Amino acid sequence: MRSKETLELIVRCAVCANPTRTDNPHHEHHANHNGETYTLHTCPSCELQFWWPLKADHSVYEEEGFEAYKDYHSGARPFPRWAEPLFPLLPRTAGTALDIGCGDGAVLSRLAEAGFEPNGIDLDEKSIQVARGKFGLDKVISTTLEKYVAYCREQALCFDLITFFEVLEHQDDPNSFLSQVAALGKPGSLIAGSVPNRDRFLTVIDRRLSDGDFPPHHFLWFSSTSLARLLKSAGFEDVAVTRTGALAYKQIVEKLGVVISRKTQAWPSAMQLLVPAMTMLSMVAAVVPWLGMRFAPSHLFFKCRVAGTAKIPEQSELT
């Protein structure tokens with residue numbers, strides 16, 4: 001019989017509940033935001049990589065535990081390039097759309113331009129205020145998905161299109177999350193979104209430059225295979241996963257410039273003389289990630305449908 005200490009070392013996969021062990025972690029991360037220590041595990045069954053303890057810390061959003069939220073809260077965040085594959089797939093007849101984790105409302109604004117009635121939820125009240133002020137979205141609220149599902153059941157609301165870009169990797173219970181998503185969709189309704197590609201080019205370097213892909217911000221790391229398996233196991237139909245999000249050369253140069261600026265701002269004045277030279281070198285160095293991203297882009301875009309027979313034709317199916 002296993003001892004109590006041995007049983008306490010067992011960690012089960014966040015998706016398939018297959019057991020893994022905490023006494024042989026792949027990686028350990030000490031989070032500056034909350035002082036917590038997390039360990040990384042790979043499920044031998046579904047191939048998901050996940051961090052333990054698997055417990056979301058929602059304070060990371062409004063308290064800007066990841067630097068990108070400063071851009072969200074100021075309204076300066078650029079349109080997410082990993083959302084672009086959605087728009088050629090939109091149903092020919094616009095209906096009601098829900099964006100879960102809508103952030104500053106950029107995706108909803110584009111959907112409104114396409115004729116959809118835009119609805120959105122996010123845990124970050126500051127981002128919701130930007131969505132209302134910047135894009136004039138009046139059906140976006142700060143609430144949990146669980147509470148929103150309960151509200152929609154009371155009001156008999158369901159949606160023709162549900163999106164969640166850069167949201168699934170934040171979940172500490174992805175099965176429950178996807179079950180609630182399915183409850184909000186009409187039979188056959190389109191579901192789409194994205195997650196970071198854990199097999200992207202220069203992943204290790206990318207993660208050393210930023211804590212954004214670590215907990216308590218991101219808890220789940222997906223490959224194309226593990227993402228497709230999760231969506232299928234959740235009961236969605238017509239599951240497809242494609243790689244997307246490669247940066248243009250100019251964008252890479254700009255991002256490297258931002259990184260250099262942030263990393264060197266505390267340098268003494270004498271060392272600041274090196275910054276222009278570093279900036280020039282970054283223009284040459286940018287060629288490497290530009291080429292690499294053609295083969296291993298930064299994100300995975302997925303589309304699928306809520307189970308049912310009332311499939312809505314996509315624009316691409318009309319030609």
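Me: Thanks! Let's start with a proline: where is P216 placed?

Reply: P216 is in the loop between α8 and β11. Helices (H or I, at least four residues) and strands (E, at least two) are DSSP runs, numbered from the N terminus. Before we go on, this is a predicted model, where local features need pLDDT of at least 70, side-chain atom pairs count only at pLDDT 80 or more, and totals for chains, interfaces and linings use all residues. Residues are numbered from 1 along each chain as its sequence is written, and side-chain values use heavy atoms, with hydrogens and water left out.

Me: Good to know. What is the peptide bond from P215 to P216 like, cis or trans?

Reply: That bond is cis, and its omega is near 10°. There is also a cis peptide bond between W52 and P53, with omega about 10°. P53 belongs to the loop between β5 and α2 (59-62).

Me: OK, new topic. How many salt bridges are there in the whole structure?

Reply: A search of the whole structure gives seven. A salt bridge here is a side-chain nitrogen of Lys or Arg within 4 Å of a carboxyl oxygen of Asp or Glu.

Me: Which residue meets D206 in a salt bridge?

Reply: R200 does, with 2.9 Å from N to O. R200 counts as buried because its relative accessibility is 10%, while D206, at 34%, counts as partly exposed. For these words, buried means under 20% relative accessible area, exposed over 50%, and partly exposed in between (1.4 Å probe, protein chains only).

Me: And what does D213 form with R200?

Reply: D213 forms a salt bridge with R200, and their closest N and O atoms are 2.9 Å apart. D213 lies in the loop between α8 (203-209) and β11 (220-221), and R200 in the loop between β10 (185-196) and α8, so this pair ties together parts that are 13 residues apart in sequence. With a relative accessible area of 7%, D213 is buried.

Me: What about R207 and D213, where do their side chains meet?

Reply: They meet in a salt bridge, at 2.9 Å from N to O. R207 and D213 are both buried. Salt bridges with shared partners join R200, D206, R207 and D213 into one network.

Me: Nice. Now the strands: what is the order in the open sheet of four?

Reply: The order is β3-β4-β5-β11, and the pairing is antiparallel. Two strands pair if DSSP finds at least two bridges between them. At the edges are β3 (27-30) and β11, each of which pairs on one side only.

Me: How many bridges join β5 to β11?

Reply: Two bridges join β5 (residues 49-52) to β11, and these strands run antiparallel. Across from Q49 you will find W221 in β11.

Me: Switching to aromatics, how many aromatic pairs are there?

Reply: The count comes to twelve. Rings of Phe, Tyr and Trp (its six-membered ring) pair if their centres lie within 6.5 Å; planes under 30 degrees apart count as stacked, over 60 as edge-to-face and the rest as tilted. Take Y38 and F219: their ring centres are 5.8 Å apart and their planes are at 75°, so this pair is edge-to-face.

Me: Where do Y38 and F219 lie?

Reply: Y38 is in strand β4 (residues 37-42) and F219 in the loop between α8 and β11, so the pair ties together parts that are 181 residues apart in sequence. Y38 is buried, with a relative accessible area of 2%, and F219 counts as buried at 0% relative accessibility.

Me: Which residues form one aromatic cluster with W51?

Reply: F214 and W221 form one aromatic cluster with W51.

Me: Which ring does the charged end of R77 sit over?

Reply: The charged end of R77 sits over the ring of Y72, 5.2 Å from its centre. The rule is that NZ of Lys or CZ of Arg is within 6 Å of the ring centre and within 35 degrees of the ring normal. R110 lies over the face of F87, at 3.9 Å from the ring centre.

Me: Last one: is the phi of L202 positive or negative?

Reply: Phi of L202 is positive, near 55°, and L202 is not a glycine. L202 sits in the loop between β10 and α8. D238 is not a glycine either, and has a positive phi of about 50°; its place is in strand β12 (residues 237-244).
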